[in-house]
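Please open the structure in your viewer and keep the selection tool at hand. This tour goes from stop to stop, saying what to select and then what is there.

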Amino acid sequence: MIDNQRACIAAIATSLIHNKNVTSVYSYDLGKYISVSGQVNDKNVSVFDYSRSCHITGNGTRGDYSLFDYGTSRHITLKIDGKKFSGFDYESNSHYSGSINGNSVSIYDYDDGQYHNYSC
């Protein structure tokens, strides 16, 4: 999964878990903030990633979401389970998993085999 897309997944997961819209994500990998806007609720996701000038949209029920990233033109799945989440990125053909503790988000990306940390 590409860096900025991963940051958006962190924002979307945080929004769903904390029931609030996240407007910026700090990426410790990139050393910068990534601005996002849009609406996220338990049925619909519509987020604009200003760093890539593209939308990520989708829908879901009961914690299972099917998203489409217009920057990569590929689907992403997202499953929320308490304060943990996981999914599959069809661009990299790889799984990812993550957890949220307050405003801190950690994502393990099976594509590069590393943990990536964010603050939302």
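This is a predicted model: local features need pLDDT of at least 70, side-chain atom pairs count only at pLDDT 80 or more; totals for chains, interfaces and linings use all residues.

Residues are numbered from 1 along each chain as its sequence is written, and side-chain values use heavy atoms, with hydrogens and water left out.

**Stop 1**

Switch to a cartoon view and select the strands, which are DSSP runs of E with at least two residues, just as helices are DSSP runs of H or I with at least four residues, both numbered from the N terminus. Two strands count as paired if DSSP finds at least two bridges between them.

**Stop 2**

Select residues 24-27 for strand E1 and residues 32-40 for strand E2, two antiparallel strands that are joined by four bridges. Within this pair, Val25 stands opposite Ile34 in E2, and Ser24 stands opposite Ser35 in E2. The hairpin of E1 and E2 has four residues between the strands, and Gly31 there takes a positive phi near 70°.

**Stop 3: Asp49**

Is Asp49 buried or exposed? Asp49 is buried, with a relative accessible area of 0%, where buried means under 20% relative accessible area, exposed means over 50%, and partly exposed lies in between (1.4 Å probe, protein chains only). The side chain of Asp49 makes a polar contact of 2.5 Å with the side chain of Ser51; a polar contact is a pair of N or O atoms within 3.5 Å, where within protein one must be able to donate a hydrogen and the other to accept it, and residues adjacent in sequence count only if both atoms are side-chain atoms. Not counting residues up to four places away in sequence, Asp49 touches Asn4, Cys8, Ile34, Ser35, Val36 and Cys54, where contact means heavy atoms within 4.5 Å.

**Stop 4: the cysteines**

Two of those partners deserve a selection of their own. The sulfur of Cys54 is 6.8 Å from the closest cysteine sulfur, in Cys8, which is too far for a bond, since a disulfide is a pair of cysteine sulfur atoms within 2.5 Å. The structure holds zero disulfides. Cys8 is buried at a relative accessible area of 0%, and Cys54 is buried at 7%.

**Stop 5: the nonpolar core**

Select Ile12, Leu67, Leu78, Ile80, Phe85, Tyr96 and Val105, which have the most contacts inside the largest nonpolar core, a group of 30 residues. Such a core is a set of buried Ala, Val, Leu, Ile, Met, Phe, Trp, Tyr and Cys residues joined through side-chain atoms within 4.5 Å. H1 gives the most to this core, with nine residues. Focus next on Leu78, which, leaving aside its neighbours within four places in sequence, is in contact with residues including Ile12, Leu16, Leu67, Phe85 and Tyr96.

**Stop 6: loop residues**

Select Asn19 in the loop between helix H1 (3-18) and E1; Asn19 has a positive phi of about 55° although it is not a glycine. Asn19 counts as exposed, at 68% relative accessibility. Then select Arg62, in the loop between strand E4 (54-61) and strand E5 (64-69), where phi is near 55°, again a positive value in a residue other than glycine. Arg62 is exposed, with a relative accessible area of 83%. In general, most residues other than glycine have a negative phi.

Finish at Thr72, in the loop between E5 and E6, which counts as buried at 15% relative accessibility.
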